[in-house]
Amino acid sequence: MDLMEKSKVMTHEKFGEKDFQTIIGNLLRYGVWISLSVAFIGGIIYLMHHGNDIEDYSVFKENDRNIFEVIGTVINGVISGSGEYLIFFGIILLFLTPVFRVLLSLFSFMIEKDYLYVIITLIVIGIIITSISFGFSH
């Protein structure tokens, strides 16, 4: 094996930045499609069961619950096959897609030993966690 063949073999074995970019791109693409599919299926189920209901918009119902109660309720609703909670689950998946992208970027920067971007990504994750926490606790 000459030097050119060895370098080709070594480049194929090493997991590089281009591989992470492909994974991140696929994560975003498939995350959006999966979340849209779940919400669409939930919408169909909801309309099958509640298509003729008349909603009373004169009464506003505020739900002042923490994030864990909301997630628990949504998971129980999805398990029971509720169309409304399938729609909520699709929306949660849509919100989580870019969050997973940030987490995947963090691992990418850690593998590349690019510590400046690791710190920046940790700050972004901290901002996301803070905004979610304060968004659910009035």
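At 5% relative accessibility, Thr97 is classed as buried. The legends below describe a predicted model.

View 1. Thr97 is located in helix 4, and its relative accessibility of 5% falls under the 20% limit, so the residue counts as buried. The Thr97 side chain reaches the backbone oxygen of Leu93 at 2.8 Å. When neighbours within four places in sequence are set aside, the contacts of Thr97 are with Leu27, Leu28, Gly31 and Val32.

**View 2. Thr121 in helix 5.** Helix 5 spans residues 115–136 and contains Thr121. The relative accessibility of Thr121 is 7%, under the 20% limit, and the residue is therefore classed as buried. Apart from neighbours within four places in sequence, Thr121 is in contact with Val102, Leu106 and Phe109.

**View 3. Lys113 in the loop between helix 4 and helix 5.** The loop that separates helix 4 from helix 5 holds Lys113. The phi angle of Lys113 is near 60°, which is a positive value in a residue other than glycine. In general, most residues other than glycine have a negative phi. Lys113 has a relative accessible area of 57%, over the 50% limit, and is therefore exposed.

**View 4. A nonpolar surface patch that includes Met110.** Leu96, Phe100, Leu103, Phe107 and Met110 together make a nonpolar surface patch of about 430 Å². Met110 belongs to helix 4, which covers residues 83–112. With a relative accessible area of 43%, Met110 lies between the limits of 20% and 50% and so counts as partly exposed.

**View 5. Spans annotated as transmembrane in the UniProt record.** An unreviewed UniProt entry places the feature "transmembrane region" at residues 27–48, 85–104 and 116–136. In the model, residues 27–48 are 100% helix and 0% strand, with the end C-alpha atoms 31 Å apart. Residues 85–104 are likewise 100% helix and 0% strand. The end C-alpha atoms of residues 85–104 are separated by 27 Å.

**View 6. The chain as context for the close-ups.** The secondary structure consists of five helices and zero strands, and the pattern read along the sequence is α-α-α-α-α. The chain has 138 residues, of which 16% count as buried. Among contacts with a separation of 6 or more, 67% join residues 24 or more positions apart. The accessible surface of the chain amounts to about 10,900 Å², and carbon and sulfur atoms account for 69% of that surface.

Definitions and conventions. Residues are numbered from 1 along each chain as its sequence is written. This is a predicted model: local features need pLDDT of at least 70, side-chain atom pairs count only at pLDDT 80 or more; totals for chains, interfaces and linings use all residues. Side-chain values use heavy atoms; hydrogens and water are left out. Patches are made of residues with over 30% relative accessible area and no salt bridge: like charges are joined within 9 Å, nonpolar side chains (Val, Leu, Ile, Met, Phe, Trp, Tyr) within 5 Å. Accessible areas come from the Shrake-Rupley method with a 1.4 Å probe; for residues, only the protein chains shown count as cover. A salt bridge is a side-chain nitrogen of Lys or Arg within 4 Å of a carboxyl oxygen of Asp or Glu. Helices (H or I, at least four residues) and strands (E, at least two) are DSSP runs, numbered from the N terminus. Buried means under 20% relative accessible area, exposed over 50%, partly exposed in between (1.4 Å probe, protein chains only). UniProt positions are given in the numbering used here, feature names are shortened, and annotations may be inferred rather than shown by experiment. A polar contact is a pair of N or O atoms within 3.5 Å; within protein, one must be able to donate a hydrogen and the other to accept it, and residues adjacent in sequence count only if both atoms are side-chain atoms. Contact means heavy atoms within 4.5 Å.
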